[in-house]
Amino acid sequence: MAPVQSFAQDHLVPQPNEMIALWVTIAIAVVSVGLVVRYCMAKRIWWPMIVVVGGLITCLQEPLYDHLYGLWFFEQGQLGAFTTYGIHVPLWLPVIYIAYYGANTVWYWHRLESGWTIKNMMAMFAVEVLLAGLAEEFYINAVGLYNYQDNQPFYILNYPIFVAIVNGVPPTLGAIIIFKLKPHLDGWKNLLLLFPVSWAFAANSFGSGFLYLSARHATPAVSQPVLYLAAATAAIGSIVTIWAALKMAGVPQARRVAQTSAPRRAVPATA
């Protein structure tokens, strides 16, 4: 079998840029973990920290995602965490996974536990997509740490924007899985909570995105209209995945308003 190859059009990352990104990312992660620890202490539980670690280990799927979707982290001038699938993963990336895929998932689970509805969750999923897009625009354009190479559909400001919808799924879907799984776990069984975010990441990135990935890596290359259509199926499939998961989890569509019947008026007696 031939080894996985990436386009690898590399550039030098200015040292100040990497340091800015690294310290901003560390600050976000520290605040996020601190909030989870505070929540654990208030509720006298410890298992949410397992979810945070689960978010961290999900970064091991990043290189395969990068190869398939055409993302390339510049090697020159960046401290590396590990290299696999031909992708050089920089040090700051596992750190942001702690916050985005770890602590963020705990927050979504908490909102489900507190009674959020499908309407609430879909609205917050839209916010999640916006945040994912803004974060990538920061890393791509503001500090220039990576880019999406080769032929990319829906390319705006050096970023294929449909990818933001794909990337918004794992924290939300992971939280839905935990919402249904956690009542059946206790003691050491809670270690199973290491995996829902990874399941969600793989299920959507390589599941909802399978038509796009097949088209993108087809030989000979498919036409642009087909590539755009396939990318649209990845975005639409991601949205449907969240909606369907919420329905299957038994999350109500909207809060039910308690209705009280008005007291009956006395009917005057007739002669």
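The legends below describe close-up views of a predicted model.

View 1. Y65 and Y69 form an aromatic pair of the stacked kind. Their ring centres are 4.4 Å apart, and the planes make an angle of 20°. Both residues belong to helix α3, which spans residues 62-69. Because Y65 and Y69 are 4 residues apart in this helix, about one helical turn separates them. Y65 and Y69 are both buried.

**View 2. An edge-to-face pair, Y100 and Y101.** The ring centres of Y100 and Y101 lie 4.7 Å apart. The planes of these two rings stand at 85°, so the pair counts as edge-to-face. The cut-off for this class is an angle over 60 degrees. Y100 has a relative accessibility of 17% and therefore counts as buried. Y101 counts as buried too, with a relative accessibility of 5%.

**View 3. The aromatic cluster that includes both pairs.** Y65, Y69, Y100 and Y101 are among the members of one aromatic cluster. Also in this cluster are Y97, F154, F162, F201, F206, Y212 and Y228. Across the structure there are 23 aromatic pairs.

View 4. N104 sits in helix α4, which covers residues 92-113. With a relative accessibility of 17%, N104 counts as buried, because the cut-off for buried is under 20%. The side chain of N104 makes a polar contact of 2.3 Å with the side chain of E128. When neighbours within four places in sequence are left aside, N104 is in contact with A99, E128 and P171.

**View 5. Helices α4 and α5 side by side.** Helix α5 is made up of residues 118-142. The axes of α4 and α5 come within 13 Å of each other and cross at roughly 170°. The two helices are therefore roughly antiparallel, since angles over 145 degrees fall in that class. From α4, the residues that meet α5 are W92, I96, Y100, N104, W107, Y108 and L112. On the α5 side they meet M121, M124, F125, E128, A132 and Y139. Y100, from the edge-to-face pair, is thus shown again here as one of the α4 residues that meet α5.

**View 6. Two buried cysteines.** C40 is buried, with a relative accessible area of 7%. C59 is likewise buried, and its relative accessible area is 5%. The count of disulfides in the structure comes to 0.

Conventions
Residues numbered from 1 in each chain as written. Predicted model: local features only at pLDDT ≥ 70, side-chain atom pairs only at ≥ 80, totals over all residues. Heavy atoms only, no water. Phe/Tyr/Trp six-rings, centres within 6.5 Å; stacked < 30°, edge-to-face > 60°. Buried < 20%, exposed > 50% of the residue type's maximum accessible area, 1.4 Å probe, protein only. Polar contact = N/O pair within 3.5 Å; in protein donor to acceptor, adjacent residues only side chain to side chain. Contact = heavy atoms within 4.5 Å. Disulfide = S-S within 2.5 Å. Axes fitted to C-alpha atoms, helices over the stretch in contact; angles between N-to-C directions. Parallel < 35°, antiparallel > 145°, perpendicular 65-115°, else oblique.
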